[in-house]
Amino acid sequence: MLLIGTRKGAWLLRADADRRSWTPTGPIFLGQIIQHVVLDPRDHTTMLMASRTGHLGPTVFRSTDMGATWTEATRPPAFAEGDALERSVGSVVWLSPGHSDEPGVWYAGASPQCLFRTEDSGDTWEPVTGFNDHPMWQTWADYPEDQTPDGSMLHSVIVDPRDPNHLYVGLSGGGVFESVDRGAEWAPLNAGSKADFFPDPDREFGQDPHTVRLHPLRPDRLYQQNHCGIYKMERPDGKWERIGDNMPRDVGDIGFPIELHPRDPDTAWVFPMDGTDVWPRTSPDGKPCVYVTRDAGASWTRQDNGLPDRAWYTVKRQAMTVDSSDPVGVYFGTTSGELWASDDEGGSWRPIMEHLPEIYSVEHADA
Amino acid sequence: MRVRIPTPLRSYTDQRAWVEGKGTTVDELLRDLDRAYPGMRFRIVDEQGRLRKHMKVWINADAVRDLSTPIDASDEVTIMQALSGG
């Protein structure tokens, strides 16, 4: 099943056994901005949706019947009344299920760059004060500056599969941060990643990670697609290596999503974009393409069989995903409302849905 | 008092355009409405008690942004959300 969040509602797509035919359900909440839709991989039942509707406040909806009916969170992610910085949540942009040993725990990333946690499957949410009220938070987040067009945000909430107390988050802007005590204390994790939009590009924080991923079978390896390139880190070392330097020079290594093969920690897919000049965010030279590495970034191969010769869309940070089949299915959604699929690990592409609103997120779930 | 609900919020009121509410200030009225229609207030007012941008409250013919503005049971209140955007 694919879960699609768009600027004007959500859609669910169910595949037949060989993934050739897809049946859509939707629109769900037509007209509402749906940032993210995620099915709980622990119970295969609870589905959460991050929504903001026009000028109304942000909220989270929950479904336990595969999206047939939805209930609003009793207490959506929000700061405490009387917050010292008078902050309010502009939108909830990212949803991450918690550790497999902690059913009911989820994390939400929001704009501004803050973190929230629920322990009852999304009904009531609390601020993770260790991060949101950290003495350095205002500096890390450069608050109240808005650095991205839709508002600065916290994304890529990652829970180490070996340890529920070990968390990573990405801040656009702000950088990557790590906690080893369940969110009580945090530290920047940005050595080696550039922030070349600053006078001093080698900084402790202030970078702009677009998406950060950890491989569940090799949890000491992190990948990130950053505003300033594609990186990999091997823990416990804390230094990012720019594996995007191995991309073709005329394509570059700018983009938003990065997705990992579920069984091979050396395989990752990216969707390069034009990060030159005024940052059009379209494909380089208007030629849509996916690039895959099979050797952890040492080399990259272009995958554009079936994609249009020319198109002028963008693929947003949450709008690419993979499934768990063999061979792996790879999917991406575009700002022009097209949903593309490959059932041979990127070898060939075909559209499986067109004429949707601007696509914000694409997630796969084993339903 | 009678309160007019804008279309984006009528999912909370079973699609009713007009509902009854009570309170001596706008804030009390919105909290009363939230008891009857859980979740509605947070869509109108943020967690710091500020009317969200592009949301408006009218008391009879007067637009107000201060939630401590007094209201009377005989007033008619309109909650309005701008439909700007695309």
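## How the two chains meet

Two residues count as being in contact if their C-beta atoms, placed from the backbone, lie within 7 Å. By that rule, 14 residues of chain A are in contact with 15 residues of chain B. On the side of chain A that touches chain B, the residues split into 4 nonpolar, 6 polar and 4 charged. Here Ala, Val, Leu, Ile, Met, Phe, Trp, Tyr, Cys and Pro count as nonpolar, Asp, Glu, Lys and Arg as charged, and the others, Gly among them, as polar.

A quick word on the model and its labels. It is a predicted model, where local features need pLDDT of at least 70 and side-chain atom pairs count only at pLDDT 80 or more, while totals for chains, interfaces and linings use all residues. Residues are numbered from 1 along each chain as its sequence is written, and chains are lettered from A and ligands numbered from 1 in the order in which they are written.

A residue is buried if 20 or more other C-beta atoms (placed from the backbone) lie within 10 Å of its own, exposed if 12 or fewer, and partly exposed in between. A nonpolar core is then a set of buried Ala, Val, Leu, Ile, Met, Phe, Trp, Tyr and Cys residues joined through C-beta atoms within 7 Å.

The largest nonpolar core has 113 residues, and the ones touching the most other members are A:Ile4, A:Met49, A:Ala108, A:Ala110, A:Leu115 and A:Tyr331. Take A:Leu115: if you skip its neighbours within four places in sequence, its contacts include A:Tyr107, A:Val128, A:Phe131, A:Leu154 and A:Gly183.

## Two open sheets

Strands (E, at least two residues) are DSSP runs, numbered from the N terminus. Two of them pair if DSSP finds at least two bridges between them.

One open sheet in chain A has 4 strands in the order β4-β5-β6-β7, with antiparallel pairing. Its edges are β4 (33-39) and β7 (71-72), each with a single partner strand, so one side of each has no neighbour in the sheet. Inside it, 6 bridges join β5 (residues 47-52) to β6 (residues 58-63), and A:Leu48 has A:Arg62 in β6 as its bridge partner.

Another open sheet of chain A, also made of 4 strands, runs β23-β24-β25-β26 and is antiparallel too. β23 (320-322) and β26 (350-353) stand at the edges here, each with a single partner strand, so one side of each is left without a neighbour in the sheet. Between β24 (residues 330-333) and β25 (residues 339-342) there are 4 bridges, and A:Gly333 stands opposite A:Leu339.

## A pair of hairpins

Strand β16 (residues 209-215) of chain A is joined by 6 bridges to the antiparallel strand β17 (residues 218-226). A hairpin through 2 residues links β16 to β17, and A:Arg213 sits opposite A:Tyr223.

Next comes a hairpin from β17 to β18 of chain A, through 2 residues. β17 and β18 (residues 229-234) run antiparallel and share 6 bridges, with A:Leu222 opposite A:Met233.

Which peptide bonds are cis? One joins A:Ser111 and A:Pro112, with omega about 0 degrees, and A:Pro112 lies in the loop between β9 (106-111) and β10 (114-118) of chain A. Another runs from A:Arg235 to A:Pro236, with omega near 5 degrees; A:Pro236 is in the loop between β18 and β19 (255-260) of chain A.

A:His44 has a positive phi, near 55 degrees, though it is not a glycine. A:His44 lies in the loop between β4 and β5 of chain A and is partly exposed, with 13 other C-beta atoms within 10 Å. In chain B, B:Gln15 has a phi near 70 degrees and lies in the loop between β1 (2-4) and β2 (18-20). B:Gln15 counts as exposed because it has 9 C-beta neighbours inside 10 Å.
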